[in-house]
Amino acid sequence: MDYNVNICETDIDYENLADGEPAQDFSFNPINEPETSTQNCPEILEMEVFKECTDVQSNRSSSTSDESLDREEISHLQRHGWSAATVKVLASMPSRTAELNKSRRVRYQASSHESPHCSRPVQGASVLADVEEINTEGLNFCAAENNMDQLVSSLQGLSVSEGTRKLRAMPLSLADKIEIRKVAFSLKTESSFIGRNIPCYTHLSMYISTTWRHCLFSCLPVFSSFKLWHSALKTLSGRYGTGVLSYFLFLRTLLFLNLLLFVITGLFLIFPQAIYPPRSSKADFSGIELLTGTGYFSDSLMFYGYYSNGTLHGDQYRMPAAYFFTIGFTLFIICIILVYRLSKSFGKNFQVLKSNENLAVKVFSCWDFKVSKKISVRLQSEKISTQLKEQLSEMIKGEDKKTCMQQLRRLIVHLLAWTACLISIFLGTIGVHYLSENKFNFNFKTILQAHNLPEDTELLVLSAVVSGINLLLPGFFNLCVWAEKYESPGTRVYVSVFRNLLLKVSVIGVLCYHWLKSIPANGLKCWESFVGQELYRLLVMDFIVTVVYTLLGEFLWRVFSQTILQKKRKPVFDIARNVLELIYGQTLTWIGVLFAPLLPAVQLIKLIVLFYMKERSLILNCQASRKPWRATQMTTLFICILWFPSFLGTVVTIIYTVWIIKPSENCGPFRNLTTMFEGGQMSTRHLEDAHPILKWLSWVYDCLVDNPVFLFLASGVFLMVIYFQAQVVDGQRKIVSRLEKQIENEGKDKKFLIAKLQDLCK
């Protein structure tokens with residue numbers, strides 16, 4: 001009798017396994033025989049073809065039957081001309097038919113538990129071609145049945161939770177796991193619920209908890225939308241890429257840091273002093289104080305000189321101790337946050353896997369089919385398109401080979417550009433130094449009187465010059481980068497960031513030297529308030545210059561490039577300039593919190609205005625980079641620069657001020673003391689005398705604050721955490737590269753074996 005197998009129907013059944021519908025039986029019909037139906041259970045196949053299968057299954061425990069089966073399979077393969085080596089290789093390969101029959105066996109088990117007598121017609125599928133192939137498939141089918149019986153019985157011997165955990169770890173499809181779970185645990189679950197006498201309030205509590213959990217899961221998208229600037233950041237990420245997104249994420253990080261700083265100083269410094277204000281005579285408000293910080297603001301909560309050196313609310317709240325420990329505590333908390341963010345950023349952005357490894361996942365399975373709104377669909381498509389461009393740019397990047405003359409010419413251009421940048425930084429720093437020391441001998445008062453300007457306007461000269469240097473030199477750096485013609489946009493950004501960093505560090509270093517060396521020796525009445533006013537003026541003037549440049553500079557540059565230069569594209573957002581402006585302003589804020597406790601509030605207002613202003617300017621005046629690039633390490637770089645030199649430089653400056661410089665004798669909480677650090681020591685001694693039970697706090701202060709060894713140990717621990725995190729990521733990257741190499745070698749071995757098999761077949 002001749003038989004054929006309808007492979008099309010088999011493939012259709014295999015595809016239907018993923019659905020929730022029951023699969024059709026694996027049935028066969030001989031030619032010229034009518035279709036029959038049986039009333040037996042599905043475990044017993046009513047076909048003459050599988051009688052040999054059932055006989056083999058009954059004698060499967062004996063070794064002779066196993067050997068005969070192996071000989072039958074091998075003889076079937078050898079009949080097609082395969083050699084013994086080829087037969088071994090093919091026999092070790094996984095069988096799709098076995099997986100198919102395994103899935104069918106699970107469905108047979110489910111149907112057998114549903115009804116004691118299963119009635120299912122045996123459908124005539126097609127004519128079979130080879131009886132031996134059917135025998136082999138029948139053997140696989142019976143083996144799959146036996147394996148499934150053993151699996152179900154083993155799971156039934158376990159508890160529901162343990163069996164479910166074991167089932168999850170099995171390499172089966174989701175449909176198979178669902179059917180096995182129904183067969184193995186349905187009776188146990190029903191009996192457990194029936195056997196228990198669960199009260200009604202327990203059912204009610206379970207229902208309430210389940211409903212509450214579903215509500216939380218459904219509200220997760222709503223909660224994510226409550227994140228600060230969530231929708232705006234999604235839009236910017238989709239349109240302009242991860243490089244521009246890293247700037248706005250960094251701005252949001254600085255906003256949260258300043259909010260934390262403002263809350264701590266407000267609770268322990270500003271709010272108590274505002275409740276019990278000292279006696280002082282305030283000047284009239286004229287408006288120029290918003291720029292200079294003098295006049296009305298001089299005797300206010302803004303600056304150091306307003307805070308008293310006594311106790312508030314009787315003898316319960318000592319202001320010098322509160323001032324000293326609040327500043328130290330806030331800097332310590334920010335240090336921990338920065339170290340945590342830096343270590344986390346190392347593990348997240350320095351990716352262990354290569355970017356092109358996830359390209360197939362990004363292409364075929366990154367779309368969210370729950371998105372239905374047109375705006376959301378457009379944003380998601382733009383985001384996916386931008387990410388694909390960035391990943392493809394990393395895959396195809398590479399510099400063209402250049403001749404020796406071209407490389408020499410390029411080296412000369414780089415040397416000239418770096419020389420010009422360093423000379424400009426040096427000249428700008430020297431100008432700031434001479435201007436701060438007033439060595440130019442300019443008679444600013446005569447100029448101000450000639451134009452009928454207030455005398456306090458003279459104080460804005462230094463801050464205006466510094467802001468002008470910070471505005472003009474980054475444009476010169478961009479011109480040098482354009483002349484160097486870097487092929488990668490990421491390289492251009494990194495070079496610009498480093499040059500701008502040198503400029504900001506040089507300017508702030510000169511100003512700190514001026515504040516901590518020259519001003520205390522000038523004999524001012526309250527030099528701490530004067531330094532705070534200088535920092536306030538620098539921060540306000542930097543904000544004004546940034547606003548003017550954003551509203552006019554970027555707009556005029558777009559008009560100039562599109563009308564005069566006849567460029568169709570808009571300018572690209574300058575990431576290096578804008579990020580270094582944020583770091584510069586944050587460094588001034590951290591230094592100024594000792595001399596002006598309300599300075600974080602000014603920085604908060606500045607950052608909020610900058611976000612909305614930069615967002616609108618980016619959409620109107622800028623365009624995405626022509627060469628997309630993926631800024632995977634950009635956020636880590638920004639946090640590193642914020643940590644060093646910004647934060648560490650701030651800590652060194654504050655420690656020098658607290659431990660070395662003598663405070664003013666007529667103002668502030670540390671008046672009539674040798675150093676500010678002495679105020680902390682006196683507070684601990686007073687606390688020990690007033691409350692002997694708190695003597696251990698004095699010991700903690702002596703060990704942790706008074707002893708500098710703790711500072712070195714804490715710094716060492718923080719650096720070790722960062723170092724170990726970087727080493728772990730580097731080790732994981734090496735392991736993954738070796739595994740990738742091993743997989744590549746195995747692929748080559750398989751190709752070699754397949755080629756040899758094809759040669760043997762010929």
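Guide: Helices (H or I, at least four residues) and strands (E, at least two) are DSSP runs, and they are numbered from the N terminus. The structure is a predicted model, in which local features need pLDDT of at least 70 and side-chain atom pairs count only at pLDDT 80 or more, while totals for chains, interfaces and linings use all residues. Residues are numbered from 1 along each chain as its sequence is written, and side-chain values use heavy atoms, with hydrogens and water left out.

In general, a disulfide is a covalent bond between the sulfur atoms of two cysteines. Here the term is applied to a pair of cysteine sulfur atoms within 2.5 Å. A search of the whole structure finds 1 disulfide. The partners are C526 and C667, with an S to S distance of 2.0 Å. C526 lies in the loop between α18 (489–518) and α19 (527–563), and C667 in the loop between α22 and α23, so the pair ties together parts that are 141 residues apart in sequence. The angle about the S-S bond is 95°, and the link of C526 and C667 is right-handed.

Buried means under 20% relative accessible area, exposed means over 50%, and partly exposed lies in between (1.4 Å probe, protein chains only).

The loop that holds C667 also contains N672, which is found between α22 and α23 (676–690). N672 has a positive phi of about 65° although it is not a glycine.

A cis peptide bond joins F644 and P645, with omega at about 15°.

Other cysteines may be set beside the bonded pair. The sulfur of C421 has its closest cysteine sulfur in C480, at 3.7 Å, which is too far for a bond. C421 counts as buried, with 1% relative accessibility. C335 also counts as buried, at 10% relative accessibility.
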